[in-house]
Structures are given as structure tokens and as C-alpha cells.
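Visitor: I am new to reading protein models. Could you take me through one, a feature at a time?

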Amino acid sequence: MSNHCRVQVRHFILPKEGSGPEECEDAVAFDAGSLRFAVADGATEAFDARRWAARLAAEWVGAVRAPLTAEEFGPWLKEQGEWLQASWEGRKLSWYAEEKRRAGSFAAFVGLRLEAGGRGMSWRAVALGDSCLVQRRGGQLLNAFPLSEPGEFGTAPPLAPSSNGAREVALAKLVGREGHAEPGDTFLLMTDALSAWYFDASARRDPAAERFDSLLAASDNTALSELVRGERAAARLKDDDVAVLRIEVGSGQ
Amino acid sequence: MGYTAQITRANPTLIVFLLDQSGSMADPFGGEGSGRKADFVANAVNHALHDLVIRCTKTEEVRDYYHVAVVGYGRQVGIGLGGALAGMAVAPVSAVADNPARIESGYRRVPDGVGGYVETPVRYPIWVHAHAEGGTPMCRALGRAHEIIQGWLAQHPRGFPPTVLHLTDGESSDGDPTDAGQALMSLGTDDGRVLLFNCHVSSSRSRKVEYPVDESIIRDNFARTLFRISSVLPENFLGAAQQLGVPAAEGSRGFVFNADPSSVVQFYEIGTSLTGMPPHIWMGE
């Protein structure tokens, strides 16, 4: 049986209130064949953040070899940054856009690679910033990374930059983790606002966290949108773009 | 409380730069021995406007989170933004961005990513020119700011209230500014009263007083007058001040006396910080 049957993948994206899908700066990408999954969150104030986030997620998933360590991630990030900068060449810009372009673009990123092996799967993940990975088993939160508490979400997370000047400093903040996944385990890759909400709701044993997971598993995007909007209105969830990838490890070999 | 409203395009805020352009602004800063106060201050205001524009820029679009007014006073009251904005009492920041009086070119050193630096061409927009002529009609200038703000508030009764950043180098030549200042500070939105911050620059080497909490440490009568028409720094401004290493505490007034050049730069940085948060927080509307 192919890898395609070994995982079930669901995703959900909702822009902040009042924004259209074309303004959403969160991106997801996955390849259920190569078992690679990524979520990226473009920094709102950065130049061309939406394209940068989309590029990072898509290229990480599609890379010949998934960049999982700082040694691999650095050259790969440089390549992506050069692509982005080259795409801006030749455009005549106003003084302010020119200044924003000079600073480059920024995005938070988290990527997960699964690998079949014996019973269950091994996993490796890499993260830069405040987009998070969660591993759940039997309704319990088993792993959360790079952040795991709502209080850890600050106003200036490290981000993956497109420019050369900022890259080395950012790469020092890159973190990796690995582990084992049993059949039935689920992974959630989420951008910051949703991650912070999820950690808070889980800690409060708020049934909304479980409901969120069930709706996600059932791909009930209408109910998911209602849930997110309700949590935003109650000020439990920051009004920001949200994106999530849910990966459930199957039992079939 | 108050001063907590999120700045959005639907509910923008207003910043008024009130600038003394009297003849004495042609003198140098006390003890600095270099350059005219008027040139330094015009530069600082242009820099502040530049940063406001950049803070509102999303890729190629400038979002109107702020509106801006510039009122100069000296030989006359009302010399403000130049170029295509001349004659506009208040301009949205997108119009400010697109209409500098001129743009100068220069170079800046930026990191090249491999431990060195590279010279990169940059453009510096200029909106405000230095003027130094005439007296110090502070009451009329505060009155002009009052008119502008009152007109603006009629259209924007909700949201973060206007901030007035007043810079002067001397005593008022048209009377005691207390009433005009207090009248200005009595205006407001549903989120709070108008904020009036005062920065006094000096040609003498006198000791500077920064963001005092009470007036007992102030000996100079004119300084006391300015202290009394200076708003208490709301919490988010206080945060910005502390980030800059400025000695400000709860209850500090937005007031600097005998400011040196670095205090002038900090005054504008603190005065335009507003939410005290990086743009990706408040731009996330």
C-alpha cells in the first residue's frame, strides 16, 4: 500500500476578519506521497509576505531533500530568498516600497517529514518562528514545538528572512525535533494565533479544542469557520489569519 | 483609562507636528556648537514622517492608519507641509507618502550577510523645510492646532485621540499659552483626551529635564507653564520611552525642557509610537 493511504490530511485556512482569501498571508503545502507537510505565516508588515510564505511552504515540501537541519536549511533558504529578490527585479517602485523591498520579506515556518518504518512512523520537524507543531495521541497532547504555552507568543518572533543580511542571525533560532508516531496519532501544524488559542483552550480543558479537532478531521469547514469566528469575537483567539494542517497517521501498511 | 483603541483604517488617528520657526531657531543648540536648531528639528520631523509612512506600508500600498498635520509658527502661523500638500490642513499618511516636497538621494551601509557591509542607494523624502524668522506666537499656534483638531474630530469621533507634538525654543511672544493649551487638551474622542506633548530646546547649556512626574523639580516659570499643559504619558507611550532607555515613570508628563539633539529625536520617536507595538500587531486589523 502506498504512503497515500498511510496518512489522512486535512487543512483549513481562514483570513482575518474583513480580509479576503487573496489577502491571507498564511500558507499550507503538503505532499501525502513524500509525507511532507509545511505551514508558513508571512509577516504582515513585510514586503510581498504572502508570496514569500507560499513559496517557503511549497518549496520545502517539494525539495529533493527536505531541509531539516540548519546546515541544510541555510542554503535552501538562501536559494528561496534569491528567487524572491529576483522576482522583484526591474520593478519601478515608490521610495517607501523600495525601502520595504530592501528590508526583504519575512515569514514564520514549520515543516514536518514523516517516514514509514515498522509500526507507525518516525518524524522529523523543523521550525523558525511561532508557527507550531502539535502531536496528539489518544486525546492527549504529546509534543508541542517550538512553543507550547500561550504566554510564549511574543510580538517579535524570529522569522525566516528573504534577504542575505538577516539570514545568519535568524538561522541561529532554527529548531528541530524528532520522534515516533503510532498509528492513530495526529499532528497539527498551525500558525501563531491558532497555536496560542489551541494551547490555551487545551490547558483550560475547553471542549472547543476537541471540537476543533473533530471538525477538522471531518473537513467541516463551515463549522470550523463559525468556531474560529466565535472564539475571535469572544477575544479568546487573536484576530489574525489562521492556517492549520492536520495529519492523522493511519494503521494500514 | 483610555488610549487603548486599536488604530485601524476605519478609525485612524491624527498626529499634529507643531513647530516653532521663530528667528531664534537659527541659533545652534546649547553647547553643541554646530548647526542651526531649525535645520536639526526639520530633519527630525522629516525622519519622523518617513518612519510613519514606512510603518503604514504594506508591500506597495500605504495604509491610512494615521493622518498628519504640520503647523509651523514664527513670522506667521500655519507654514506646514510643502509641495502638493501645501494648503492641506490634514493629510492622510498615504498622501504624505506620495507627495514629499522633494526626494534626496544618498547611500547607506547595510550588512551583506557575510560579515561585511555594502553601500546601498537610498532615497530621503523631505516634507518640512527649516524656517527661522519672527517671534513665537505660541497662543495662536495652539489655537490653529485646536481648529484643525476640532475639524478632524467632527469626522473621527471614535478611536485613538490626536497627539500634538509641540517643539519650541522659547517663551510665547503672544501671551500665556496655558488657556490655549488646556482648551486643546479638553478635546478628545471616545478613547481619551487629545495628547499634548511639549519639547523645549535651548541655546544655553542648561541642564535638561525629561518627562518629569511633578513640577516641584522645575524652577523656571516658563518651564512650569509648559509642564502644566503637557499630558501624562499613557502606558503604551511609557513603554516606548522605556524601550529607548528614557527615564520615564508612571505619571510622567510628555515634556522635555532644555532638550539636546538626542532628546529631540527621542521626543518624536516616543510621540509617534502610539500603540507602542510593532506594526504587525496593529496592522493585523
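Guide: Chain B has eight helices and 14 strands. Chain A comes to seven helices and 11 strands. Keep in mind that this is a predicted model, where local features need pLDDT of at least 70, side-chain atom pairs count only at pLDDT 80 or more, and totals for chains, interfaces and linings use all residues. Residues are numbered from 1 along each chain as its sequence is written, and chains are lettered from A and ligands numbered from 1 in the order in which they are written.

Visitor: How many of the residues in chain B are buried?

Guide: Count C-beta atoms, placed from the backbone: a residue with 20 or more others within 10 Å of its own is buried, one with 12 or fewer is exposed, and anything in between is partly exposed. In chain B, 45% of the 285 residues are buried. In chain A, 47% of the 253 residues are.

Visitor: Where do buried nonpolar residues gather?

Guide: In soluble globular proteins, nonpolar side chains tend to be buried together. A nonpolar core is a set of buried Ala, Val, Leu, Ile, Met, Phe, Trp, Tyr and Cys residues joined through C-beta atoms within 7 Å. The largest core here has 80 residues, and Val16(B), Val93(B) and Ala145(B) are among those with the most contacts inside it. Helix α1 (residues 37–55) of chain B gives the largest share, 10 residues. A second, separate core has 72 residues, including Phe12(A) and Met121(A).

Visitor: Which residues is Val93(B) in contact with?

Guide: Contact means that two C-beta atoms, placed from the backbone, lie within 7 Å. Leaving aside neighbours within four places in sequence, Val93(B) contacts Leu52(B), Val53(B) and Tyr65(B), among others.

Visitor: How many residues of chain B are in contact with chain A?

Guide: 23 residues of chain B contact 23 residues of chain A. On the chain B side, α1, β2 (57–58), β7 (102–111), β8 (117–126) and α8 (279–282) each supply at least two residues.

Visitor: And how do I read a sheet?

Guide: Strands of a sheet pair through backbone hydrogen bonds, either parallel or antiparallel. Here, two strands pair if DSSP finds at least two bridges between them. Chain A has an open sheet of five strands in the order β1-β11-β10-β6-β7, with antiparallel pairing. β1 (7–14) and β7 (140–145) of chain A stand at the edges with a single partner strand each, so one side of each has no neighbour in the sheet. Strand β6 (residues 132–137) of chain A pairs with β7(A) over five bridges. Val134(A) has Ala144(A), in β7(A), as its bridge partner.

Visitor: Is Thr178(B) buried, exposed or partly exposed, and what does it touch?

Guide: Thr178(B) lies in helix α4 (residues 178–185) of chain B. With 15 other C-beta atoms within 10 Å, Thr178(B) is partly exposed. Not counting residues up to four places away in sequence, Thr178(B) touches Thr225(B), Arg228(B) and Ile229(B).

Conventions
Helices (H or I, at least four residues) and strands (E, at least two) are DSSP runs, numbered from the N terminus.
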